[in-house]
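Please look over the sequence and the structure shown below. The paragraphs after them go through the chain as a whole, then its helix pairs and a few single residues.

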Amino acid sequence: MAEATNQFSSKAITAAFCFAIMGIILTEGQQNFLTECREKLSPGRCGWQIGNELYTGNATVDQQCCSRLVAMGEKCHKELLKNYLSSPDHANVNTTEVWRRSDILWSRCSKISAHP
């Protein structure tokens with residue numbers, strides 16, 4: 001009976017783990033969307049400029065990269081950022097501050113792109 005209980009507990013833990021990780025795993029459609037978003041910033045330095053500004057607070061995104069960011073679209077920008085921040089590698093990042101900087105960056109780039 002104890003063996004059956006241990007097997008049940010093991011299966012329950014495995015199931016719970018699978019359900020938890022499903023929240024992290026992206027569907028193929030989501031992966032394709034994010035890939036397309038990344039491609040809109042590539043090739044070049046725009047991804048680096050955006051990341052530098054969001055994570056260090058240094059305003060480094062130039063007019064060309066602002067235009068590419070806005071052309072990429074706000075949904076792409078937010079989904080890429082959400083995906084990046086959800087990574088366990090970035091658990092120590094102050095997400096509130098990064099999202100605040102993201103809003104400031106988007107606002108500035110929207111203005112720059114609208115008035116070259």
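What percentage of the 116 residues in the protein chain do buried residues make up? Buried residues account for 24% of them, where buried means under 20% relative accessible area, exposed means over 50%, and partly exposed lies in between, with a 1.4 Å probe and protein chains only. The model is a predicted one, in which local features need pLDDT of at least 70 and side-chain atom pairs count only at pLDDT 80 or more, while totals for chains, interfaces and linings use all residues. Residues are numbered from 1 along each chain as its sequence is written, and side-chain values use heavy atoms, with hydrogens and water left out.

The secondary structure of the protein chain consists of 6 helices and 0 strands. Helices (H or I, at least four residues) and strands (E, at least two) are DSSP runs, numbered from the N terminus. Along the sequence the pattern reads α-α-α-α-α-α. Contact here means heavy atoms within 4.5 Å. Among contacts between residues at least 6 apart in sequence, 66% join residues at least 24 apart.

Helix H3 covers residues 46-56 and helix H6 covers residues 95-114. The two pack at an angle of about 130 degrees, with their axes 8 Å apart. Axes are lines fitted to C-alpha atoms, for helices over the stretch in contact, and angles run from 0 to 180 degrees between N-to-C directions. That angle makes H3 oblique to H6; angles under 35 degrees count as roughly parallel, over 145 as roughly antiparallel, 65 to 115 as roughly perpendicular and the rest as oblique. H3 passes H6 in a right-handed crossing. A crossing is right-handed if the near helix is turned clockwise from the far one by less than a right angle, and left-handed if anticlockwise. From H3, the contact is made by Ile 50, Glu 53, Leu 54, Tyr 55 and Thr 56, and from H6 by Val 98, Arg 101, Ser 102, Leu 105 and Arg 108. By class, this contact of H3 with H6 has 5 nonpolar, 2 polar and 3 charged residues. In this count Ala, Val, Leu, Ile, Met, Phe, Trp, Tyr, Cys and Pro are nonpolar, Asp, Glu, Lys and Arg are charged, and the others, Gly among them, are polar.

Ser 102 lies in helix H6. Is Ser 102 buried or exposed? Ser 102 is buried, with a relative accessible area of 1%. Leaving aside neighbours within four places in sequence, Ser 102 is in contact with Leu 54, His 77 and Leu 81. The side chains of Ser 102 and His 77 are joined by a polar contact of 2.8 Å. A polar contact is a pair of N or O atoms within 3.5 Å; within protein, one must be able to donate a hydrogen and the other to accept it, and residues adjacent in sequence count only if both atoms are side-chain atoms.

H3 also packs with H5, at an angle of about 60 degrees and with the axes 13 Å apart. H3 and H5 are therefore oblique to each other, and their crossing is right-handed. Ile 50, Leu 54 and Tyr 55 of H3 make this contact with His 77, Leu 81, Tyr 84 and Leu 85 of H5. The contact of H3 with H5 has 6 nonpolar, 1 polar and no charged residues.

The buried residues of H3 are Cys 46, Gln 49, Ile 50, Gly 51, Asn 52, Glu 53 and Leu 54. They pack against helix H2 (28-41), H4, helix H5 (74-85) and H6. Just after H3, Gly 57 takes a positive phi of about 85 degrees.

Helix H4 (residues 63-72) crosses H6 at roughly 105 degrees, and their axes come within 8 Å. H4 and H6 are therefore roughly perpendicular to each other. Cys 66 lies in H4 and is buried, with a relative accessible area of 0%. Cys 66 and Cys 109 are 43 residues apart in sequence and 4.7 Å apart in space, C-alpha to C-alpha.

The loop between H5 and H6 holds His 90. His 90 is buried, with a relative accessible area of 16%. A polar contact of 2.7 Å joins the side chains of His 90 and Tyr 84.
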